There are 4 protein chains.
Amino acid sequence: MPELKKATGNGGQRRLPLHERRAAILAAARTVFAKMGYEQASMVDIANASGIVEGTIYIHFQNKLDLLTKVLETWYEEILSGYQAQLAGIEGTRNRLRFMIWYNLYSLHQNRDLCRLLVVHVRSHFNYRHTSFYEMNCRYSEDTLAIVQEGIAKGEFRADVPLDILRDMLFGAAEYHIGRYFRAVSDARALDQVADTIVELVCRAIAVEPSAAPVADTLSRLESLAASLDASSRRLAPRI
Amino acid sequence: MPELKKATGNGGQRRLPLHERRAAILAAARTVFAKMGYEQASMVDIANASGIVEGTIYIHFQNKLDLLTKVLETWYEEILSGYQAQLAGIEGTRNRLRFMIWYNLYSLHQNRDLCRLLVVHVRSHFNYRHTSFYEMNCRYSEDTLAIVQEGIAKGEFRADVPLDILRDMLFGAAEYHIGRYFRAVSDARALDQVADTIVELVCRAIAVEPSAAPVADTLSRLESLAASLDASSRRLAPRI
Amino acid sequence: MPELKKATGNGGQRRLPLHERRAAILAAARTVFAKMGYEQASMVDIANASGIVEGTIYIHFQNKLDLLTKVLETWYEEILSGYQAQLAGIEGTRNRLRFMIWYNLYSLHQNRDLCRLLVVHVRSHFNYRHTSFYEMNCRYSEDTLAIVQEGIAKGEFRADVPLDILRDMLFGAAEYHIGRYFRAVSDARALDQVADTIVELVCRAIAVEPSAAPVADTLSRLESLAASLDASSRRLAPRI
Amino acid sequence: MPELKKATGNGGQRRLPLHERRAAILAAARTVFAKMGYEQASMVDIANASGIVEGTIYIHFQNKLDLLTKVLETWYEEILSGYQAQLAGIEGTRNRLRFMIWYNLYSLHQNRDLCRLLVVHVRSHFNYRHTSFYEMNCRYSEDTLAIVQEGIAKGEFRADVPLDILRDMLFGAAEYHIGRYFRAVSDARALDQVADTIVELVCRAIAVEPSAAPVADTLSRLESLAASLDASSRRLAPRI
DNA sequence: GATGAATGAGAATTCATTCAT
DNA sequence: GATGAATGAATTCTCATTCAT
């Protein structure tokens with residue numbers, strides 16, 4: 001008859017209540033994944049960091065990818081649970097927009113590694129559109145663009161603002177900046193100024209006046225105007 | 001009687017001169033890495049795609065990571081070797097800026113997978129600043145910002161344009177857009193319009209005009225002022 | 001006022017008395033083992049199928065192999081508890097033999113998977129001879145061969161029937177047939193005919209008649225001889 | 001950048017030519033599988049028995065099941081490559097049939113464990129009919145039954161022999177006998193007698209005379225005949 | 001008695017890299 | 001220079017069994 005597997009069993013461990021054990025694994029996994037990346041991190045690393053054995057992870061999570069997903073979900077939910085309350089207390093289109101930009105910068109800055117994992121392992125996957133990440137991301141995007149749309153309604157911004165490209169600029173600038181940041185000095189306070197600068201640029205870009213576009217035209221019109229003024233002044237001029 | 005050539009028995013083994021063999025491996029590796037990613041791609045896959053055996057790769061490249069690096073370097077050099085000649089033929093600040101934006105979008109779009117590999121395996125690593133990638137990237141950034149600086153010199157753009165944040169917006173928007181693009185329809189021609197929109201927004205954002213009051217309004221006010229001046233000058237004229 | 005019964009808070013946990021719980025586990029294990037095989041079936045599978053948890057199984061059974069053994073024992077006992085009563089009601093050597101063949105076929109057919117488990121995990125092991133299976137199996141063999149021996153005693157079968165090889169043929173044919181059956185159409189009613197055919201062949205094989213000359217011929221020759229004897233006896237008769 | 005895997009590589013082994021290495025693994029696997037069974041045998045066991053490392057097995061065989069299949073195929077081909085030449089040198093239906101029975105017994109006896117693996121892991125699988133085993137098995141079956149059919153053609157056997165059930169009896173008896181044998185004394189010379197006995201029984205069963213079947217009837221006919229003889233003898237009787 | 005989370009010892013499989021040929 | 005079989009360490013995942021609750 002087939003040999004029996006050696007008995008191992010529970011060595012008497014039961015330190016944590018169910019939910020805390022799960023949370024402990026998530027926390028450890030977040031750290032390890034952030035430090036080493038998905039492929040480089042091994043389940044042993046995570047188990048060690050959790051103070052448990054590999055096998056135990058599989059009680060709480062289906063597999064490695066599931067664990068990563070749960071880590072990122074938890075983190076993403078943390079991020080996206082905070083902003084709405086704060087946003088409610090802010091008035092003025094520009095202020096509100098600035099907050100959303102800053103909040104995005106700040107969140108990414110808080111955990112750039114997880115952010116990269118999100119981009120690489122979640123956002124670039126074909127089924128991303130059917131994940132909870134997509135929904136959460138959409139919500140943040142929409143809440144941000146809603147501010148712009150309010151601005152349009154109030155006549156502060158032009159009616160023909162290209163919202164999708166604007167979104168690319170807002171979120172792209174943040175991600176790119178944080179990406180560069182990662183390799184430079186890491187000073188969270190500087191994010192304030194970055195947010196200021198971005199919002200300034202963006203507001204100029206979409207403000208209601210037909211700003212820079214026909215600058216050259218405007219210039220020439222101003223020049224011809226100046227000329228006419230000059231002319232009329234000449235006509236006035238026989239002052240002497 | 002003419003002598004018959006003896007069969008060599010080589011079976012056509014060493015077809016390619018050294019340099020071409022290396023190039024063939026690079027080409028195969030580019031394809032395989034792009035399709036499967038770094039970790040998922042195996043040296044056997046690459047060897048098969050090259051029509052050689054695994055061991056041979058190690059004659060030409062130190063190891064897998066070296067191969068990836070060389071692949072990405074080659075690709076990046078290709079990208080960055082093309083634009084300067086074209087840029088030289090383009091006149092006008094806005095046109096030149098638009099070209100650089102479009103070229104970036106286009107290059108990323110051409111090979112999003114390699115782009116992702118670059119981000120994950122090269123750009124996010126601590127020694128990135130000492131790689132040739134960093135230098136190449138800087139050059140493109142600088143060439144782009146140089147256009148803005150020329151614009152400033154010409155008085156087309158404000159003198160206080162925050163160049164580093166502007167760079168984040170330009171390149172960030174491109175990367176973010178392509179990232180979203182990847183999951184949506186893939187239509188290279190649409191990039192034209194994206195570039196247009198981005199350059200439009202950016203130029204508005206940094207144009208020399210103060211955005212305080214609507215330019216058009218300002219203009220018309222100036223014009224009416226000029227008219228009234230003109231009128232008053234006429235009326236004043238009899239003064240002499 | 002009538003007092004209200006307090007809710008126990010047990011949630012209905014301990015539904016079944018001990019023996020029934022054990023039976024429930026056995027039943028679930030039989031299903032799971034039959035469907036998945038021994039190695040492929042996990043204790044969790046069995047626990048789930050039983051509506052209990054893994055740990056509980058170990059209260060009722062020593063280990064997985066013990067559970068399998070008990071499952072097979074239960075099943076084997078079921079099989080072997082049924083036939084004697086029925087056999088008692090059947091008369092005639094051939095009929096009784098046919099019943100035992102059919103019953104064997106039928107039992108194997110009813111649960112080929114358990115049958116395979118029996119072969120692999122029980123019957124092929126060195127200590128099989130000291131198991132209850134061996135005893136049960138022997139009993140069925142003996143009961144079958146006893147019929148043959150009765151046939152011999154009655155002069156229906158040859159005295160020199162090689163009983164052990166006959167047993168191999170009877171049970172081997174059944175197992176082989178069911179093994180092939182498993183992969184073909186599964187029609188329990190056809191087993192009737194199979195049993196018929198087997199018993200026919202076997203009876204021919206061990207019938208008391210010497211097979212040297214055709215029995216029918218022999219018979220008719222005897223009959224004609226008898227007739228001629230009769231005739232001659234008539235012709236002789238006037239002798240008196 | 002991702003850490004490099006530690007170099008291991010070939011420690012300078014290249015003892016065996018390609019085909020021999022494969023053969024060595026097959027031989028080791030045959031032994032290990034035979035001794036331990038499929039599930040109990042581990043790839044490490046087989047590697048150790050081969051004097052190589054686990055990984056090397058996967059160069060020559062796709063996976064564990066593939067290895068088992070190749071082991072069994074090799075063995076089965078060995079078995080089935082030998083008999084036809086020998087059969088050609090044997091004359092007489094009964095002799096030829098006896099040879100096929102003996103050969104089957106002998107082959108199974110030579111490697112009962114592989115035989116069981118064949119039954120459990122190959123023959124009971126749903127796609128068995130599309131394996132080379134099925135074909136090989138069919139060939140042996142057909143060659144055996146062809147002898148019976150020749151016997152029928154020659155008038156030695158009844159025309160209505162149920163060939164499929166006969167096959168079940170022949171091969172089933174052999175397998176069952178070997179199965180029991182396994183647990184008893186293992187004496188190859190006894191197989192001669194077993195084959196003799198089986199062929200004797202089978203020939204009686206299918207011989208052309210309407211043998212045992214209506215033994216009872218025959219008996220009664222004989223009895224009535226005896227009675228009539230008796231009667232006529234009585235009539236003859238005034239012997240004195 | 002029942003629970004089920006934790007255990008820990010494997011299991012199969014992969015693969016970058018080496019080096020005798 | 002090219003080959004490709006061999007290496008060996010690592011990886012993910014499984015699961016029978018235990019025992020604190």
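Student: What share of the 240 residues in chain A is buried?

Tutor: Buried residues account for 35% of the 240 residues in chain A. Keep in mind that this is a predicted model.

Student: How many helices and how many strands does chain A have?

Tutor: Chain A has ten helices and zero strands. Read from the N terminus, the order of elements is α-α-α-α-α-α-α-α-α-α.

Student: What do the contacts in chain A say about sequence separation?

Tutor: Take the contacts in chain A between residues at least 6 apart in sequence; 67% of them join residues at least 24 apart.

Student: Which domains are assigned in chain A, and how far apart are their centres?

Tutor: The assignment gives domain 1 (16-61) and domain 2 (72-206). The C-alpha centres of these two domains of chain A are 30 Å apart. Five residues from domain 1 of chain A and seven residues from domain 2 of chain A take part in the contact. On the domain 1 side, the touching residues are four nonpolar, no polar and one charged.

Student: How do I read the packing of two helices, and what is the case for helix 1 and helix 4 of chain A?

Tutor: The general idea is that a packed pair is described by the angle between the axes and the distance between them. In chain A, the axes of helix 1 (residues 18-36) and helix 4 (residues 64-88) come within 9 Å, and they cross at roughly 95 degrees. Helix 1 of chain A is therefore roughly perpendicular to helix 4 of chain A, because angles of 65 to 115 degrees are put in that class.

Student: Which residues meet where helix 1 and helix 4 of chain A touch?

Tutor: Helix 1 of chain A contributes Leu26(A), Ala29(A), Arg30(A) and Phe33(A). On helix 4 of chain A, the partners are Leu67(A), Leu68(A), Lys70(A), Val71(A), Thr74(A) and Trp75(A). Sorted by class, this contact has seven nonpolar, one polar and two charged residues.

Student: Where do Ala47(A) and Ala85(A) sit?

Tutor: Ala47(A) is in helix 2 (residues 43-50) of chain A, and Ala85(A) is in helix 4 of chain A. Setting aside neighbours within four places in sequence, Ala47(A) is in contact with Ile52(A), Val53(A), Glu54(A), Thr56(A) and Ile57(A). For distances, Ala47(A) and Leu163(A) are 116 residues apart along the chain, with 45 Å between their C-alpha atoms. Ala85(A) and His177(A) are 92 residues apart along the chain, with 26 Å between their C-alpha atoms.

Student: What is a case of a buried residue in chain B?

Tutor: Val148(B) is one: it has 23 other C-beta atoms within 10 Å and is therefore buried. Val148(B) lies in helix 7 (residues 132-153) of chain B. Not counting residues up to four places away in sequence, Val148(B) touches Leu97(B), Phe157(B), Val161(B), Leu163(B), Leu166(B) and Ile206(B).

Student: How does the reach of a helix compare with what is expected, for instance in helix 1 of chain C and helix 4 of chain B?

Tutor: Helix 1 (residues 18-36) of chain C has 19 residues and reaches 27 Å from first C-alpha to last, close to the expected 27 Å at 1.5 Å a residue. Helix 4 (residues 64-88) of chain B has 25 residues and reaches 38 Å, close to the expected 36 Å.

Student: What comes just after helix 1 of chain C?

Tutor: Gly37(C) does, with a positive phi of about 85 degrees.

How values were computed
Residues numbered from 1 in each chain as written. Chains lettered and ligands numbered in written order. Predicted model: local features only at pLDDT ≥ 70, side-chain atom pairs only at ≥ 80, totals over all residues. Helix = DSSP H or I, 4+ residues; strand = E, 2+ residues; numbered from the N terminus. Expected span 1.5 Å × (residues − 1). Domains from an automatic or database assignment. Contact = placed C-beta atoms within 7 Å. Nonpolar A, V, L, I, M, F, W, Y, C, P; charged D, E, K, R; others polar. Axes fitted to C-alpha atoms, helices over the stretch in contact; angles between N-to-C directions. Parallel < 35°, antiparallel > 145°, perpendicular 65-115°, else oblique. Buried ≥ 20, exposed ≤ 12 C-beta atoms within 10 Å, placed from the backbone.
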